[in-house]
Amino acid sequence: MFAMSLNYLALLYQTQGKYDAAEPLCIRALKISEEVLGENHINVAMSLNYLALLYQTQGKYDAG
């Protein structure tokens, strides 16, 4: 699925410290997953988790 590929690319950017590049990819993946699968699908939860981990890495505990 395309959204998961975006999440994996975002994770790569995150591990490289390229947070500004990773965030829009996580958000885009989340939106795609919600539109295609519905908000209660497990892949949507995974996309949310990727975004949350990115925010946690940056210390953005109130983001989202």
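## Surface and model

The chain exposes about 4100 Å², and carbon and sulfur atoms supply 54% of that area. Accessible areas here come from the Shrake-Rupley method with a 1.4 Å probe, and for residues only the protein chains shown count as cover.

Please keep in mind that this is a predicted model: local features need pLDDT of at least 70, side-chain atom pairs count only at pLDDT 80 or more, and totals for chains, interfaces and linings use all residues. Residues are numbered from 1 along each chain as its sequence is written, and side-chain values use heavy atoms, with hydrogens and water left out.

## Overall fold

Let us look at the whole chain. It has three helices and zero strands, and reading along the sequence gives the pattern α-α-α. The radius of gyration of the chain is 11 Å, close to the 11 Å that the globule rule gives for 64 residues, so the chain is as compact as a globular protein of that length. Helices (H or I, at least four residues) and strands (E, at least two) are DSSP runs, numbered from the N terminus. The radius of gyration is taken over C-alpha atoms, and the globule rule is 2.2 Å times the number of residues to the power 0.38.

Along the principal axes, the C-alpha atoms fill a box of roughly 30 × 25 × 15 Å. Of the 64 residues, 31% count as buried, where buried means under 20% relative accessible area, exposed over 50%, and partly exposed in between (1.4 Å probe, protein chains only). Among contacts (heavy atoms within 4.5 Å) between residues at least 6 apart in sequence, 54% join residues at least 24 apart.

## A salt bridge

Now for the charged side chains. A salt bridge is a side-chain nitrogen of Lys or Arg within 4 Å of a carboxyl oxygen of Asp or Glu, and by this rule the count comes to one. The partners are Glu23 and Lys60, whose closest N and O atoms are 3.9 Å apart. Glu23 lies in helix α2 (residues 19-37) and Lys60 in the segment after α3 (42-58), so the pair ties together parts that are 37 residues apart in sequence. In general, side chains of opposite charge can pair when their charged atoms come close.

## Around Glu23

How well covered are the two partners? Glu23 counts as buried at 19% relative accessibility, while Lys60 is partly exposed, with a relative accessible area of 32%. Leaving aside neighbours within four places in sequence, Glu23 is in contact with Leu51, Leu54, Tyr55 and Lys60.
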